[in-house]
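Thanks for coming, everyone. Please have the sequence and the 3D view open while I talk.

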Amino acid sequence: MAALLTALILSYLLAVIYSILINPEVRFWKEAYKRKIDWARILTTEGKPKFVFIGGSSTAFQIDAGILTRAGIPSVNMGMHAGMGIRATAAFGLSAVARGDTVIWAFEKDRLTKEPELDPLGYQALVATGVIFHSGPQQLALQGIDPVNVLNALRPGLDHCAVMLAKVALGHPLYRYKEKFIRAGGAITTDEIRPMPTSSIKQILPDSITPAWISAMNSGLAEIDCSTAYLISQSYVPPQDAEAASAANRIFLERLRSIMTVVPDPAMGVQTDLQSFADTPSHLRAEAMEQRTRNLIPFLNPLQRFRVDSR
């Protein structure tokens, strides 16, 4: 019995070590987070109230915070992996917030149509980076975390193990994104191009729970003199569906506008140029990300609470 218990403990410890130290996906996002938070801390140390963009990978692949910072809008792109769960991506972003900053929520639309979640990858990345253990604004997103859920999530699932074994057997890269494509300011690009899936346009609306959760975080941020707004992410839409997609997004944003400021976006979250996208319908190629970022400058400037000179 003792031997069995010892074996179980050792196997669990090995699983935890793999999840937080070896898993290529966690290692990539841990490095991405380190570079993002280092950039944020430099801006804070320089006394520059900043924009903090928070969301999933569509945020990471759509906003070049380096360009904004050089344009006189100090910014950090804290976009992480949406598969971590919205509570995790919010926590990572909020860990970069200092008094007087402006938080731009840029969560993917579908993340606002269900209850705030925290998935195993999110737990693993939060533990690997240490964010889950620190006090600060990130705790606004992590209130009520059950330690048992944390412990359970630190084991890699069977699906993950099967995928990794298959990659090794076939000689495929262990993770699709590369650290060399993490830009100053936190944006991420990729040289991987994949076929672009499309789907029919459906009207989706934010549920009542997630906007209330965001509102609660907004109230907590107001206590440290931070303002907030929402920015819709761009997605690829075939030209023939552009009008319907724009109309659906307009209704979606009207619902959100009742509880928070919405950053104007003339494109209404719709991009019909297939060549602007890399490996998913929300991951812009580098040139398209740079152009989207520049297009946002006139709409972000009015949101600056403390104007600073360009570098």
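**Salt bridges first**

R35 counts as partly exposed, at 31% relative accessibility. Keep in mind that this is a predicted model. What does R35 meet in a salt bridge? The partner is E179, and the N to O distance is 3.9 Å. E179 is partly exposed too, with a relative accessible area of 37%. Now look at where the two sit. R35 is in helix α2, residues 24-45, and E179 is in the loop between α9 (158-170) and α10 (209-222), so this pair ties together parts that are 144 residues apart in sequence.

How many salt bridges are there by this rule? The count comes to 13. Let me pick out two others. E117 and R111 meet through their side chains at 2.3 Å, N to O. Both of those residues are buried. Then there is E192 with R194, where the closest N and O atoms are 2.4 Å apart. R194 is partly exposed, with a relative accessible area of 38%. Back to R35 for a moment. Salt bridges with shared partners join R35, E179 and E31 into one network.

**Helix α11**

Next, please find helix α11. The helix runs over residues 242-257, which makes 16 residues. From first C-alpha to last, α11 reaches 22 Å. That is close to the 22 Å expected at 1.5 Å a residue.

Which residues of α11 are buried? They are A242, A245, S246, A248, N249, F252, L253 and L256. An α-helix has 3.6 residues a turn, so residues three or four places apart point the same way. And what do the buried residues of α11 pack against? They pack against β4 (227-230) and β6 (270-271).

Let's zoom in on one of them, F252. F252 lies in helix α11. Its relative accessible area is 0%, so F252 is buried. Leaving out residues up to four places away in sequence, F252 touches K109, L112, Q203, I204, L205, P206 and Y230. F252 and S200 are 52 residues apart in sequence, and C-alpha to C-alpha they are 16 Å apart in space.

**A buried serine**

Move to S75. S75 lies in strand β2, residues 75-77. Buried or exposed? S75 counts as buried, at 0% relative accessibility. What does the side chain of S75 reach? It reaches the backbone oxygen of I73, at 2.7 Å. The contacts of S75, not counting residues up to four places away in sequence, are W39, L43, K50, F51, F53, A65, L68 and T69.

**Aromatic rings**

Now the rings. A pair of aromatic rings is described by the distance of the centres and the angle of the planes. The structure holds nine aromatic pairs. One of them is W105 with F107, which is stacked. Centre to centre, W105 and F107 are 5.3 Å apart, with 20° between the planes. W105 and F107 are both buried.

Compare Y236 and F277. Their ring centres are 5.8 Å apart and their planes stand at 70°, so this pair is edge-to-face. The pair of Y236 and F277 links distant parts of the chain. Y236 is in strand β5, residues 235-236, while F277 is in the loop between β6 and α12 (286-300). That puts Y236 and F277 41 residues apart. Both Y236 and F277 are buried. There is also an aromatic cluster, formed by F28, W29, F61, Y175 and Y177.

**Two backbone angles**

Last topic. Most residues other than glycine have a negative phi. D225 is not a glycine, yet its phi is positive, about 60°. D225 sits in the loop between α10 and β4. D225 is partly exposed, with a relative accessible area of 32%.

M268 also has a positive phi, near 55°, and is a residue other than glycine. Where is M268 found? M268 is in the loop between α11 and β6. With a relative accessible area of 15%, M268 is buried.

That's my tour. Over to you.

How values were computed
Residues are numbered from 1 along each chain as its sequence is written. This is a predicted model: local features need pLDDT of at least 70, side-chain atom pairs count only at pLDDT 80 or more; totals for chains, interfaces and linings use all residues. Side-chain values use heavy atoms; hydrogens and water are left out. Helices (H or I, at least four residues) and strands (E, at least two) are DSSP runs, numbered from the N terminus. The expected span of a helix is 1.5 Å times one less than its number of residues. Buried means under 20% relative accessible area, exposed over 50%, partly exposed in between (1.4 Å probe, protein chains only). Contact means heavy atoms within 4.5 Å. A salt bridge is a side-chain nitrogen of Lys or Arg within 4 Å of a carboxyl oxygen of Asp or Glu. A polar contact is a pair of N or O atoms within 3.5 Å; within protein, one must be able to donate a hydrogen and the other to accept it, and residues adjacent in sequence count only if both atoms are side-chain atoms. Rings of Phe, Tyr and Trp (its six-membered ring) pair if their centres lie within 6.5 Å; planes under 30 degrees apart count as stacked, over 60 as edge-to-face and the rest as tilted.
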